[in-house]
Amino acid sequence: MQASIYRVCALLVTTISAAAPQARGDEDIIRTWTDAALQSIREQNVGAPIAARALAVVHTCIYDGWSAYDATAVGTELRDALRRPPSERTDENKRRAASYAAFDALTDLF
């Protein structure tokens, strides 16, 4: 069961690493991880309520990871307690935080 998510995540890590020198927008990272979540949902053949919950969990985790590196965004649980200093609020750090959060959520869910 977990083998499929590890396979999808390994492919994503390889793809993201290969494209790292190029500028990638936050939307691309979110789309990439959403595609990974949808692929895992298809492979596990879960019902609609479970699929909806999984997507909600993944997107909430992505937002919370990303919000720590944004000047105004407020996390869903810890509010601004995880806010990073201005010197760390880069687009690359936002993408990395979103990716780590998505990976951890998908690994836990699937």
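A polar contact is a pair of N or O atoms within 3.5 Å. In this predicted model, the side chains of S99 and W33 make such a contact at 3.0 Å. S99 lies in helix 4, and W33 is one of the buried residues of helix 2.

**Helix 2**
- Helix 2 covers residues 26-44, and its 19 residues should span 27 Å at 1.5 Å a residue; the end C-alpha atoms are 27 Å apart, which agrees.
- The buried residues of this helix are I29, T32, W33, T34, A36, A37, S40 and I41.

**Nonpolar core**
- The largest nonpolar core has 14 residues, of which W33, I41, V58, I62, A102, L106 and F110 touch the most other members.
- At least two residues of this core come from each of helix 2, helix 3 and helix 4.
- Helix 2 gives the largest share, five residues.

**Loop between helix 3 and helix 4**
- A81 sits in the loop that runs between helix 3 (48-67) and helix 4 (91-109).
- With 59% relative accessibility, A81 counts as exposed because the cut-off is over 50%.
- The C-alpha atoms of A81 and A68 are 8.2 Å apart in space, while the two residues are 13 residues apart in sequence.

Conventions
Residues are numbered from 1 along each chain as its sequence is written. This is a predicted model: local features need pLDDT of at least 70, side-chain atom pairs count only at pLDDT 80 or more; totals for chains, interfaces and linings use all residues. Side-chain values use heavy atoms; hydrogens and water are left out. Helices (H or I, at least four residues) and strands (E, at least two) are DSSP runs, numbered from the N terminus. The expected span of a helix is 1.5 Å times one less than its number of residues. Buried means under 20% relative accessible area, exposed over 50%, partly exposed in between (1.4 Å probe, protein chains only). A nonpolar core is a set of buried Ala, Val, Leu, Ile, Met, Phe, Trp, Tyr and Cys residues joined through side-chain atoms within 4.5 Å. A polar contact is a pair of N or O atoms within 3.5 Å; within protein, one must be able to donate a hydrogen and the other to accept it, and residues adjacent in sequence count only if both atoms are side-chain atoms.
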